[in-house]
Amino acid sequence: MKSKVSQFALAAVLAAGFAAPALAQNTNWKLNSDRSAGRLYVSSTADPNTILNAGIARVKGSVRLNAGSPTDSWFDFTIYPADQGPASINEDGSLDAAEFSNAPRSTVINFRSKEVKVTGDGDLAVTGDLTLSHLERPFLITYSEAYGGPVYGEPEVRSATREVTFVFQNVAAAEAKAGSSRKLKLAASADIKTEDFPGFFEAVTNANWPVVLENKVCQEPAIIGEEYHGTGCTGTPVVISSRPPASVTVVEDYTGQDFAKRRVRDDVKIALTLELNRNAAAAAEVAGN
């Protein structure tokens, strides 16, 4: 009996937390790739205090948040290098090798949800297929007087898919805060053990992750001459940081840091900061109810 009462109470709390106007319950949100980022970290379960930043990337895709029935929500997004445009990613979330013509190596990560559950804390546990696409180009170096750098061959793309769960924190509170606004902020994370996803660690660390600029604006110079260096871009860089190692206390029997253990990285974490947008008509409908 107590169990049934507890389940009823939890259902009531969740229903209240996700309460929303009927017209808002099936709103499709579009990810704003200019203001959405994915941070990639590597760490060790044997040394959890040391977290190293592997890179930061843009995120594009779409989301449907069903306020009346959150388990009917779905997520489809792609994490990709900041020096690539959204058009360089195929509709299935894979990379278009032709668009990565100047990249010796690159990684794209796509996630498509299959199941959404509400946790006891009111978060959304979103489980789905995470597909990793890693591109590498073999290169040949021939040393001579006319050497101009390595020559890259045709790209080799390897893909693998595994089931992964992202936890979206405080979604109900975020939706309530957004109200009739056209913007919604979400935060999510997923931990991936390298033993559960062979090749994932290497694909994340053996890739180029350029600086991500928010509100990126690029302009061609008015005059193109000998000093031309390409298109100039401005914007606000997304700052990333690594957790420093725990402080070390030196005593008489101290033998130094265990670098062998510290080099073992068996965990990759993806942390997402997403901005979702909806059109003015949808926001106006929500405001009118």
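Me: Which backbone oxygen lies 2.9 Å from a polar atom of the S73 side chain?
Reply: The backbone oxygen of P70 does, at 2.9 Å, as a polar contact (a pair of N or O atoms within 3.5 Å; within protein, one must be able to donate a hydrogen and the other to accept it, and residues adjacent in sequence count only if both atoms are side-chain atoms). This is a predicted model, in which local features need pLDDT of at least 70 and side-chain atom pairs count only at pLDDT 80 or more, while totals for chains, interfaces and linings use all residues. Residues are numbered from 1 along each chain as its sequence is written, and side-chain values use heavy atoms, with hydrogens and water left out.

Me: What does the S73 side chain reach at N66?
Reply: The side chain of S73 reaches the backbone nitrogen of N66, at 2.9 Å.

Me: Is S73 buried or exposed?
Reply: S73 counts as buried because its relative accessibility is 6% (buried is under 20% relative accessible area, exposed over 50%, partly exposed in between, with a 1.4 Å probe and protein chains only).

Me: Switching to T127, which side chain does its own side chain join in a polar contact?
Reply: The side chain of T165, at 2.7 Å; T127 is also buried, with a relative accessible area of 13%.

Me: And what does T127 touch?
Reply: Not counting residues up to four places away in sequence, T127 touches F111, S113, K114, E115, E163, V164 and T165, where contact means heavy atoms within 4.5 Å.
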